[in-house]
Amino acid sequence: MSKAKSSRDRRIAPPGVTRVTRSSINPQDSQRTKPTDSGLVNDLSLMSVSEQQALLAREGKSYQSPSTKSVLSSSSGTSMPREALGTIGRLMKLGRVQNIVVVAGAGISTASGIPDFRTPGTGLYANLAKYDIPYPEAIFNIDYFSDNPHPFFSLAKELYPGHHRPNYVHYFIRMLHQKGLLLRMYTQNIDGLEKLCGIPDDKLVEAHGSFATAACHLCYTPYPAEEAKQAIMNGNVPICTFCAGAVKPNVVFFGEDLPEKYFQHAEDFPKADLLMIMGTSLKIEPFASLINTVKSTVPRLLLNRDPVGPFERRPLRRGDYMELGDLSDSVRKLAEILGWHTEIQDLMNSHENGVCSYTDPSSSSGENSDSSETDSMH
Ligand code: OAD
């Protein structure tokens, strides 16, 4: 994982940490509606959490519960209930959409049995008492890890991919690829389910890293991922042979830089003609602000349980659509509108049963097909 990027692209330490390099809260998400570049992130990421909170209070930003489940903004600027999925489905069926960027978070994997982070009660951060850490996000904080890697390593035993399978939402995204419509998927997830369902490497940006590789957290010397995993599973700390620092999987911690591949966003987002935002609270920068970097004319569809980020504001930006509720239900409805539902189910069944019927036409080596399962983290 590359470590040599500017501080604006570092993940920011969560509340409770004095050195603030990034924010765990995305305060504005933006109050800005124009497409921007990652300079926006720069403006925001160096603010301390208390500064961000003060800013929120000053601007009187508060959450307004939507009165309807499916909402889009009208040209007159008032929000009104409309068939968000129907509208987006029609655009897709008319061929008006060819380059979809998907932005995803932990909500796409809850149907696979993996808790998200911030849902009260069930989210990971509400269930870390046994690790005896000063605040929940400390478990992914690089400075905290440096002092005490044990809480993360205990948790990592549970987080290592291998116990969960992709769900319908993952296969829907793979179907977007199969139909030639997926420009790129940007995921914050570290569960590896995107690769496991067959979304090829070149279509996927794992913005918060993964367990697939490992390195020293001090000198970044690579370390064999399988050996690191074995050590962690046996309750040992894998040690760097070069500097004797603790080795960790290349999951991006608060205070660390994002992988080189993440910076592909500068090319991808301006090319998008539809943005799908799925299962994320949009609370973590710089990732959250990516959604503001598509052109202002580009429709953005939020599929989530709650409105998040700029979708909390009223009126919505022209071209912003959201379908609130369970993601699997929403995605299934969209698939039905598109006439893809049976195809997705067949793909999912055959893939999950180990019958590989799909060969990616764009890949002569077939690397894009189900062979991705072989280099999964299982
Ligand atoms: P969060 O837990 O912050 O947000 C998940 C969002 O998905 C919430 O808005 C949920 O309401 C929604 N959600 C969950 N299940 C859903 C379902 N079945 N249907 C619809 N919506 C659902 O997770 P992320 O936004 O992914 O960093 O969190 C971002 C980052 O914060 C993570 O990458 C993680 C964490 O610190 C790490 O890499 C360790």
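**The ligand and its pocket**

The ligand sits in the largest pocket, where sitting in a pocket requires that more than half of a molecule's atoms lie within 2 Å of the pocket's grid points. The model is predicted, so local features need pLDDT of at least 70 and side-chain atom pairs count only at pLDDT 80 or more, whereas totals for chains, interfaces and linings use all residues. Residues are numbered from 1 along each chain as its sequence is written, and side-chain values use heavy atoms, with hydrogens and water left out.

A pocket is an open set of points on a 1 Å grid over the protein atoms alone, where a 1.4 Å probe fits and protein lies on both sides within 12 Å along at least five of seven lines; lining residues have an atom within 4 Å of a point. The largest pocket holds about 730 Å³ of space, and its lining comprises 39 residues, of which Ala106, Asp116, Gly279, Thr280 and Ser281 lie nearest its centre. By class, this lining has 16 nonpolar, 15 polar and 8 charged residues. Because domain 1 (83–112 + 167–208 + 257–354) and domain 2 (115–163 + 213–251) both give residues to the lining, the largest pocket lies between them.

Around the ligand there are 24 residues, and Phe117, Arg118, Tyr125, Thr280 and Ser281 come nearest; a residue is counted as near if one of its heavy atoms lies within 4 Å. The shell has 7 nonpolar, 11 polar and 6 charged residues, and at least three residues are drawn from each of domain 1 and domain 2.

Of the 790 Å² of accessible area that the ligand has on its own, the protein covers 97%, as computed by the Shrake-Rupley method with a 1.4 Å probe.

The second largest pocket has a volume of about 380 Å³, and Ile114, Pro115, Leu124, Glu158 and Leu159 lie nearest its centre among 26 lining residues.

Methods
Nonpolar A, V, L, I, M, F, W, Y, C, P; charged D, E, K, R; others polar. Domains from an automatic or database assignment. Points joined across faces, edges and corners; volume = space filled by probe spheres on them.
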